[in-house]
Amino acid sequence: MTMEERKALARSYLGKTVHIGIDRPIGYVHHKGKYDLVYPINYGYIPGVLGGDGEEMDVYLLGVDVPVKEFDAHIIAIVHRENDIEDKLVGAPEGMTFTANEIAAAVYFQEQYYCSYIEML
């Protein structure tokens, strides 16, 4: 998948409500070599939709403060990674909004390791 195709795929979900599976709920600990990455937000994927890395497209879920296993999320933004092969969608409950700065702060736990920018709905 080219970068243009990857970005077009991500953009095709902006403004849509999608069902997401959550494989890393709030509090999940991902052991990454010398450090542990603790997820402060729910993080999941759109089942059956492949992203730039060949795995299911990832979604950060904001506005849900308890661990969940699945959720119907409204896609409000994209976190574009310039130094990686995938982009991440940002979902929230229908009618809930966040600023780009609020999104950046919420996803910093993971995005601090990448050169990324946020595209809003």
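Contact here means heavy atoms within 4.5 Å. By that rule, Pro93 touches Leu62, Gly63, Val64 and Phe71, leaving out residues up to four places away in sequence. The model is predicted.

**Helix α1 and its cover**

- Helix α1 spans residues 3–11, and its buried residues are Arg6, Lys7 and Ala10.
- Seen down the axis of α1, these buried residues fall within an arc of 95°, so they line one face of the helix.
- The cover over the buried residues of α1 includes β5, β6 (70–81), β7 and β8 (116–120).

**His80**

- His80 sits in strand β6.
- Its relative accessible area is 0%, so His80 is buried.
- The side chain of His80 makes a polar contact of 3.2 Å with the side chain of Lys7.
- A polar contact of 2.6 Å joins the side chain of His80 to that of Glu119.
- Not counting residues up to four places away in sequence, His80 touches Lys7, Arg11, Asp87, Cys115, Ser116, Tyr117 and Glu119.

**Salt bridges**

- The structure holds seven salt bridges.
- One of them pairs Arg11 with Glu119, with the closest N and O atoms 2.9 Å apart.
- This pair links distant parts of the chain: Arg11 is in helix α1 and Glu119 in strand β8, 108 residues apart.
- Arg11 has a relative accessible area of 39%, so it is partly exposed.
- Asp84 and Arg81 form another salt bridge, the closest N and O atoms being 2.8 Å apart.
- Asp84 counts as partly exposed because its relative accessibility is 23%.
- Arg81 counts as buried because its relative accessibility is 2%.
- Glu86 bridges to Lys88, with 3.2 Å between the closest N and O atoms.
- Glu86 is buried, at a relative accessible area of 10%.
- Lys88 is buried too, at 3%.
- Salt bridges that share partners join Arg6, Lys7 and Asp87 into one network.

**Asp58**

- Asp58 lies in strand β5, residues 56–61.
- Buried means under 20% relative accessible area. Asp58 is at 12%, so it counts as buried.
- Its side chain makes a polar contact of 3.1 Å with the side chain of Tyr43.
- Leaving aside neighbours within four places in sequence, Asp58 is in contact with Tyr43, Gly44, Tyr45, Glu86, Lys88 and Leu89.
- Two of those contacts, Glu86 and Lys88, are the partners of a salt bridge described above.

**Nonpolar cores**

- The largest nonpolar core has 17 residues.
- Within this core, Tyr13, Ile20, Ile46, Leu61, Ile75 and Leu89 touch the most other members.
- Strands β1 (17–24), β4 (42–50), β5 and β6 each supply at least two residues of this core.
- Tyr13 is in contact with Val18, Ile46, Val49, Met57, Ile75 and Leu89, leaving aside its neighbours within four places in sequence.
- Another core, of 14 residues, lies apart from the largest one.
- Members of this other core include Tyr39, Val90, Val107 and Phe109.

- Strand β2 (residues 29–32) pairs with strand β3 (residues 35–38) in the antiparallel sense, over four bridges.
- Val29 has Val38 of β3 as its bridge partner.
- β2 and β3 form a hairpin, with two residues between them.
- Gly33 lies in the turn and has a positive phi of about 65°.

**Pro93**

- Pro93 lies in the loop between β7 (88–92) and α2 (100–111).
- Although it is in a loop, Pro93 counts as buried, because its relative accessibility is 17%.
- Pro93 and Val107 are 14 residues apart along the chain, and their C-alpha atoms are separated by 17 Å.

Conventions. Residues are numbered from 1 along each chain as its sequence is written. This is a predicted model: local features need pLDDT of at least 70, side-chain atom pairs count only at pLDDT 80 or more; totals for chains, interfaces and linings use all residues. Side-chain values use heavy atoms; hydrogens and water are left out. Buried means under 20% relative accessible area, exposed over 50%, partly exposed in between (1.4 Å probe, protein chains only). A polar contact is a pair of N or O atoms within 3.5 Å; within protein, one must be able to donate a hydrogen and the other to accept it, and residues adjacent in sequence count only if both atoms are side-chain atoms. The arc is that of the directions from the helix axis to the C-beta atoms. A salt bridge is a side-chain nitrogen of Lys or Arg within 4 Å of a carboxyl oxygen of Asp or Glu. A nonpolar core is a set of buried Ala, Val, Leu, Ile, Met, Phe, Trp, Tyr and Cys residues joined through side-chain atoms within 4.5 Å. Two strands pair if DSSP finds at least two bridges between them.
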